[in-house]
Amino acid sequence: MDNGKWFCSKCRESRVRQLEEKLEAALLQIQELKELNASLEEKLRAATVGDAAQPIVQAPTARKPILVIGDSIVRHVGNVNKHMDVVCLPGIRTEQLRRYVENRDLGTPDTVIIHVGTNDLRRRNTDLVMGDMGDLVMKAQEKFPKAKIYISGILRRRGIPWRRVDVVNRMYEWVAQRRNVFFVDPNSWLRDGDFGRDGLHLNRSGSTKLGELFSRIGGPKLPATGS
């Protein structure tokens with residue numbers, strides 16, 4: 001290959017890389033807008049019932065063996081198992097969830113499943129995301145010293161580059177190993193048809209599957225709601 005062709009080839013490769021970077025940045029911006037829109041919709045729904053100041057939370061009433069705590073993805077997973085408490089905090093980030101866990105009475109569950117991180121992906125530095133998860137897990141271990149603790153991986157969903165999700169999930173798995181807790185990746189349980197029209201949140205099928213996964217890791221002998 002002569003120098004002219006080699007130079008043109010390198011130019012094309014450089015241009016492709018630039019376009020890929022711009023595309024990834026655009027996808028992240030789209031994700032931010034979708035999350036903002038979802039958050040505004042949540043506030044609007046809350047305002048219609050006269051409680052706009054409060055987050056939408058399915059807080060524990062009677063204490064149950066399994067506690068699931070996280071962002072809007074976990075909203076309906078408790079419908080699968082009557083032995084599962086669900087605390088759903090739409091739009092919450094990992095560092096905010098750590099403070100929530102620190103300051104709330106969440107009982108003494110046997111199993112705690114943490115699902116959070118999607119709203120952290122707008123942060124460019126994934127090391128910070130990993131650090132926040134490490135701090136959250138440490139706080140959960142202090143709060144629930146006898147509980148088995150699981151980190152649930154971030155879902156691959158529309159608007160988020162899969163490779164970015166995979167990087168963060170590998171970091172979460174590393175945190176779990178270092179802190180002597182458990183990591184579970186729910187992506188192998190879900191498919192595209194398990195997401196709603198927005199491509200961001202789970203539909204009934206997806207929530208059921210995620211709830212079944214959480215029920216299994218929380219205690220396979222626990223009966224489901226319908227039994």
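Modeller: Here is a walk through the sheet, strand by strand, and then the helices.

Some ground rules: this is a predicted model, in which local features need pLDDT of at least 70 and side-chain atom pairs count only at pLDDT 80 or more, while totals for chains, interfaces and linings use all residues. Residues are numbered from 1 along each chain as its sequence is written, and side-chain values use heavy atoms, with hydrogens and water left out.

The sheet is open and has 5 strands in the order β2-β1-β3-β4-β5, with parallel pairing. Strands (E, at least two residues) and helices (H or I, at least four) are DSSP runs numbered from the N terminus, and two strands pair if DSSP finds at least two bridges between them. At the edges sit β2 (84-88) and β5 (182-184), each pairing on one side only. Ignoring direction, neighbouring strands are turned by 20° against each other on average.

Now to β1, residues 66-70: 5 of its 5 residues are buried, meaning under 20% relative accessible area with a 1.4 Å probe, protein chains only.

Touching here is contact, that is, heavy atoms within 4.5 Å; angles run from 0 to 180 degrees between N-to-C directions, and axes are lines fitted to C-alpha atoms, for helices over the stretch in contact. Helix α4 (residues 162-179) lies across β4 and β5 and runs at about 155° to β5.

α3 (residues 126-143) has a helix neighbour too: α2 (residues 94-103) packs against α3 at about 10°, with the axes 9 Å apart. That angle makes α2 roughly parallel to α3, a label for angles under 35 degrees. On the α2 side the contact includes L97 and V101, and on the α3 side it includes M133 and L136.

Conventions
Angles under 35 degrees count as roughly parallel, over 145 as roughly antiparallel, 65 to 115 as roughly perpendicular and the rest as oblique. Buried means under 20% relative accessible area, exposed over 50%, partly exposed in between (1.4 Å probe, protein chains only).
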